[in-house]
Amino acid sequence: MNRTVLVAALLALSPALAEEGRTRLALLGAVHGNHLDSEAWGVDDVVARVRAFRPEVVLVEIPPDLYGEILARVDRTGFATTRDDVADVTWIRAFPELYAGVLPLRKEMGFEVVPVSGWTPEASRDRDRFWKGPGREAPYPDRRRVYDAVRDALREIQERENVYENPDFVNSRHYADLRHLERAAWAAAFDEGLGAGGERAINEAHWNHVAKALDAHRGKRVLLLYGAAHHYWFRRELAKRPDVELVPAR
């Protein structure tokens, strides 16, 4: 093969080679306890999409320091794990898509699970202190009225879309944009008093864990299974990463 032909062949291959080095990421929106009652977006439906994507790595909404305890509990019962089985385990009882879905599925499919929640005891303390104290009312009444108006308007849209029975809507950019409006109003109203439990602070903490996991697993098929309310933040940050290709959840 002469040099001209070799260069032409390499140039033709270079986009494919570059593409091969990118992380393919599917962002899947969880609705937590509502999975237990939903006919269209139940735990089995989440599992079906995980199977279809065939991830090598799944990033989940669990604080890293709690992961070992949670995994040990879930591994005793596998897919049969119920809320009662994990009722006394910190955090996980609110996430059926994890304790009855993804965590047991990892043994069958062989993917790695990485805990990427930035939630901390400090965030919990700051939220409890704020909501149980006078801060929840004064000096926030005007801000709260603005937030309540935004929330009520968006609730009408979500009810019209039957959000918990419409996984394509939950996983859409449109839904992320609507939640962004709501969460921005919430942050403007309350973040000043919420400390580590504020909207900006907690999403930054979540994203820091996600970003580190993406750096550690470059070029793999990664599923990020997380509460849909956080997706507006993740979509914005993922758009800044040319090394990540966002795969449609469908």
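Modeller: Contact here means heavy atoms within 4.5 Å. With that cut-off, and leaving out residues up to four places away in sequence, Ile 92 touches Ile 62, Ile 70, Val 86, Leu 98 and Tyr 99. Please keep in mind that this is a predicted model.

Colleague: How many helices and strands does the secondary structure come to, and what percentage of the residues count as buried?

Modeller: The secondary structure of the protein comes to 10 helices and 5 strands. The protein has 250 residues, and the part of them that counts as buried is 47%.

Colleague: Among contacts with a separation of 6 or more, what percentage is accounted for by residues 24 or more positions apart?

Modeller: The contacts in question are those in the protein with a separation of 6 or more. Within that set, residues 24 or more positions apart account for 79%.

Colleague: Which element supplies the largest share of the largest nonpolar core?

Modeller: The largest nonpolar core has 45 residues, of which Ile 62, Ile 92, Leu 98 and Leu 103 touch the most other members. Elements that each supply at least two residues of this core include strand E1 (23–30), helix H2 (43–53), helix H8 (173–194) and strand E4. The largest share, 6 residues, comes from H4.

Colleague: How many residues does the second, separate core have?

Modeller: This second core is separate, and Val 57, Ala 211, Ala 213 and Leu 224 are among its members. Its residues number 20.

Colleague: Why are the buried residues of H2 on the same side of the helix?

Modeller: In H2, the buried residues are Val 43, Val 46, Val 47, Arg 49, Val 50 and Phe 53. They lie on the same side of H2 because the arc they cover around the axis is only 160 degrees. On the other side of H2, Asp 44 and Ala 52 are exposed. What covers the buried residues includes E1, H4, H7, E4 and strand E5 (244–247).

Colleague: Which residue just after H2 takes a positive phi?

Modeller: The place to look is just after H2, where the phi is about 55 degrees. The residue that takes this positive value is Arg 54.

Colleague: How is the aromatic pair of Trp 91 and Trp 119 classed, stacked, tilted or edge-to-face?

Modeller: The structure holds 12 aromatic pairs. In the pair formed by Trp 91 and Trp 119, the centres are 6.3 Å apart and the planes are at 40 degrees, which counts as tilted. This pair links distant parts of the chain, with Trp 91 in the loop between helix H3 (67–77) and helix H4 (96–109), Trp 119 in the loop between strand E3 (112–115) and helix H5 (121–132), and a separation of 28 residues.

Colleague: What angle lies between the planes of Phe 169 and Tyr 175?

Modeller: Phe 169 is buried, with a relative accessible area of 6%, and Tyr 175 also counts as buried, at 3% relative accessibility. Their rings form an edge-to-face pair, 5.3 Å centre to centre, and the angle between the planes is 70 degrees.

Colleague: Which ring has Arg 183 over its face?

Modeller: Phe 130, Trp 131, Tyr 147, Trp 186 and Phe 190 form one aromatic cluster. Elsewhere, the charged end of Arg 221 sits over the ring of Phe 53, 4.4 Å from its centre. Arg 183 is 4.5 Å from the centre of the ring it lies over, and that ring belongs to Trp 186.

Colleague: Is His 217 buried or exposed?

Modeller: His 217 has its place in the loop between helix H9 (199–216) and strand E4 (221–227). Leaving aside neighbours within four places in sequence, His 217 is in contact with Thr 23, Val 57, Glu 112, Val 114 and Val 222. Thr 23 is 194 residues away in sequence but 7.7 Å away in space, C-alpha to C-alpha. Because its relative accessible area is 9%, His 217 counts as buried.

Technical notes: Residues numbered from 1 in each chain as written. Predicted model: local features only at pLDDT ≥ 70, side-chain atom pairs only at ≥ 80, totals over all residues. Heavy atoms only, no water. Helix = DSSP H or I, 4+ residues; strand = E, 2+ residues; numbered from the N terminus. Buried < 20%, exposed > 50% of the residue type's maximum accessible area, 1.4 Å probe, protein only. Phe/Tyr/Trp six-rings, centres within 6.5 Å; stacked < 30°, edge-to-face > 60°. Lys NZ or Arg CZ within 6 Å of the ring centre and 35° of its normal. Core = buried A, V, L, I, M, F, W, Y, C linked by side-chain atoms within 4.5 Å. Arc of directions from axis to C-beta.
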